[in-house]
Amino acid sequence: MGINTAGRLVGCLSGIVLGTAAQAADSGPAHKWRIDLNHQTENHGTLILRIAPVDGTPIDVETKFPADMNENHAARLLCDTLQASLDEQVYHIERDDGEDCLIKVRHNAPKFVVTLVSSTLTGLAVSIKHD
């Protein structure tokens, strides 16, 4: 595979990952979101998620992943980072099915949107959707 072909392939795959995040934003606010992680990290990298409550200030949460981390450990790390970064009086974070991270609002907190701001990871597939 030539350099140009490889570059186009990487660009296409990046677009697919970012397109998933854009779909999450287009689906509107919800009380509960699921972040599904599949496969494993191929490199050391960073994932930045934006948690944007309706009529509130968005919060960007950065998680740093080591290389060769499987989906279950990646989900645990992501959940731990979200829990440390978000107000526990407003958000409840839990891991589900090993490789999923759930974010739910508590009580009468406003709906929110989760989007993927950026990712430097390869190998780890990230899907964001209402739950």
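Which residues have the most contacts inside the largest nonpolar core? They are I35, I51, L78, L82 and I103, in a core of 30 residues. A nonpolar core is a set of buried Ala, Val, Leu, Ile, Met, Phe, Trp, Tyr and Cys residues joined through side-chain atoms within 4.5 Å. Buried means under 20% relative accessible area, exposed over 50%, and partly exposed in between, with a 1.4 Å probe and protein chains only.

This is a predicted model, in which local features need pLDDT of at least 70 and side-chain atom pairs count only at pLDDT 80 or more, while totals for chains, interfaces and linings use all residues. Residues are numbered from 1 along each chain as its sequence is written, and side-chain values use heavy atoms, with hydrogens and water left out.

- I103 is in contact (heavy atoms within 4.5 Å) with H31, K32, W33, I35, I51, L82, L86, Y91, H92, I93, F112 and V114, leaving aside its neighbours within four places in sequence.
- In soluble globular proteins, nonpolar side chains tend to be buried together.

**The four-stranded sheet**

- Four strands form an open sheet in the order β4-β5-β1-β7, with antiparallel pairing; two strands pair if DSSP finds at least two bridges between them.
- The edge strands, each pairing on one side only, are β4 (91-96) and β7 (125-130).
- From one strand to the next, the twist averages 20°; axes are lines fitted to C-alpha atoms, for helices over the stretch in contact, and angles run from 0 to 180 degrees between N-to-C directions.
- Five bridges link β1 (residues 32-38) with β5 (residues 100-105) in the antiparallel sense, and K32 has K104 in β5 as its bridge partner.
- The antiparallel strands β4 and β5 are joined by six bridges, and Y91 has V105 in β5 as its bridge partner.
- A hairpin with three residues between the strands is formed by β4 and β5, and D97 in the turn has a positive phi of about 55°.

- Strand β2 is largely enclosed by the rest of the structure, because seven of its nine residues are buried.
- Antiparallel pairing over seven bridges connects β2 and β3, with I51 opposite I59 in β3.
- The hairpin of β2 and β3 has five residues between the strands, and D55 in this hairpin takes a positive phi near 60°.
- Strands β2 and β6 also pair in the antiparallel sense, over seven bridges, and L47 stands opposite S119 in β6.

**Helix α2 and the disulfide**

- Helix α2 (residues 71-85) lies across β1, β4 and β5 and runs at about 170° to β4.
- One disulfide is found in a search of the whole structure; a disulfide is a pair of cysteine sulfur atoms within 2.5 Å.
- This disulfide joins C79 to C101, with an S to S distance of 2.5 Å.
- C79 lies in helix α2 and C101 in strand β5, so the pair ties together parts that are 22 residues apart in sequence.
- Both C79 and C101 are buried.
- Q83 is placed in helix α2 and counts as partly exposed, at 47% relative accessibility.
- The C-alpha atoms of Q83 and I103 are 9.2 Å apart in space, while the two residues are 20 apart in sequence.

- R34 is in strand β1 and is buried, with a relative accessible area of 11%.
- The side chains of R34 and D131 are joined by a polar contact of 2.8 Å; a polar contact is a pair of N or O atoms within 3.5 Å, where within protein one must be able to donate a hydrogen and the other to accept it, and residues adjacent in sequence count only if both atoms are side-chain atoms.
- Leaving aside neighbours within four places in sequence, the contacts of R34 include D96, D97, D100 and D131.
- T63 lies in strand β3 and is buried, with a relative accessible area of 1%.
- Not counting residues up to four places away in sequence, T63 touches G45, T46, L47, L77, L78 and T81.

Note on methods. Helices (H or I, at least four residues) and strands (E, at least two) are DSSP runs, numbered from the N terminus.
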